[in-house]
Amino acid sequence: MTDQKPSRREAILQALVALLETDPGARITTAGLAKNVGVTEAALYRHFPSKRKMFEALIEFAEDAVFSRCQVILQEQEDVRTRLQQLVHLVLVFAERNPGLCCVLTGDALMGENEALRKRASQFFERLETQVRQALKEGEIRQGLRPRTSAARGADFVMVFLEGRIQRFVRSSFSRLPSTDFEESWGLVSESVWG
């Protein structure tokens with residue numbers, strides 16, 4: 001089997017993610033990225049009209065990867081507790097496997113970039129929160145699982161756990177893995193949501 005060489009566009013995005021992983025917090029310039037890819041800045045701009053479009057492509061990749069799998073979980077699992085556990089675990093494992101993307105999704109890599117780009121990244125978590133809230137409502141309707149509080153507050157609690165784990169992963173320079181002791185931690189979260 002032959003390894004297929006990534007397209008130039010994919011190579012640019014892979015190089016961007018690699019830079020975010022190896023030097024978290026550093027400002028990425030198009031000149032530095034072009035040098036890392038081995039092309040000119042003009043070549044970068046042939047594939048992406050701006051650095052913003054590069055970051056947007058990474059956010060879209062994360063959304064496609066996570067939310068396509070979320071749909072599978074929602075279709076396959078009847079029990080809302082299992083759904084939410086698998087959904088949260090999925091996102092934490094995705095984060096673990098894609099540390100550079102975590103820097104984008106948490107906004108760390110977007111400091112100094114256009115504010116609209118930061119808002120675009122935050123939509124990932126807003127969309128995820130909507131999924132969690134909907135699952136909690138369905139659990140109440142279909143299974144009679146009443147959260148200790150409203151579905152909105154329950155979803156907020158789950159998101160604080162999820163986003164906190166990802167933020168800690170980024171802040172620790174990727175040494176504190178988000179899925180560490182997941183089963184035990186999720187048990188506490190689940191107990192706090194449903195009692």
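Predicted model: local features only at pLDDT ≥ 70, side-chain atom pairs only at ≥ 80, totals over all residues.
Which residues does the UniProt annotation "DNA-binding region" cover? In the unreviewed entry, that annotation covers residues 29-48. UniProt positions are given in the numbering used here, feature names are shortened, and annotations may be inferred rather than shown by experiment.

Residues are numbered from 1 along each chain as its sequence is written, and side-chain values use heavy atoms, with hydrogens and water left out.

**The overall picture**

The protein has nine helices and zero strands; helices (H or I, at least four residues) and strands (E, at least two) are DSSP runs, numbered from the N terminus. Along the sequence the pattern reads α-α-α-α-α-α-α-α-α. The C-alpha trace spans about 60 × 35 × 30 Å along its principal axes. Of the 195 residues, 46% count as buried, where buried means under 20% relative accessible area, exposed over 50% and partly exposed in between (1.4 Å probe, protein chains only). Among contacts with a separation of 6 or more, 70% come from residues 24 or more positions apart; contact means heavy atoms within 4.5 Å.

**The annotated spans**

Two packed helices are described by the angle between their axes and the distance between the axes. Here, axes are lines fitted to C-alpha atoms, for helices over the stretch in contact, and angles run from 0 to 180 degrees between N-to-C directions.

| Helix pair | Angle | Axis distance |
|---|---|---|
| α4 (residues 51-76) and α5 (residues 80-97) | about 155° | 10 Å |
| α5 and α8 | about 10° | 10 Å |

The angle between α4 and α5 makes them roughly antiparallel, whereas α5 and α8 are roughly parallel to each other. For these words, angles under 35 degrees count as roughly parallel, over 145 as roughly antiparallel, 65 to 115 as roughly perpendicular and the rest as oblique.

α4 passes α5 in a right-handed crossing, and the crossing of α5 and α8 is right-handed too. A crossing is left-handed if the near helix is turned anticlockwise from the far one by less than a right angle, and right-handed if clockwise.

**A buried glutamine and a buried asparagine**

Gln131 sits in helix α7 (residues 115-143) and is buried, with a relative accessible area of 15%. Leaving aside residues up to four places away in sequence, Gln131 touches Phe67, Cys70, Gln71, Leu74 and Leu87.

Asn98 belongs to the loop between α5 and α6 (99-105) and counts as buried at 17% relative accessibility. From Asn98 to Arg83 is 15 residues in sequence and 22 Å in space, C-alpha to C-alpha.

**Cysteines**

How many disulfides does a search of the whole structure find? The search finds zero, a disulfide being a pair of cysteine sulfur atoms within 2.5 Å. For Cys102, the nearest cysteine sulfur is that of Cys103, 6.9 Å away. Cys102 is buried, with a relative accessible area of 3%, and Cys103 is also buried, with a relative accessible area of 3%.

**Positive phi in a loop**

Most residues other than glycine have a negative phi, and most peptide bonds are trans. Ser173, in the loop between α8 (151-171) and α9 (182-194), has a positive phi near 55°. Phe174 lies in the loop between α8 and α9 and has a positive phi of about 70°. At 15% relative accessibility, Phe174 counts as buried.
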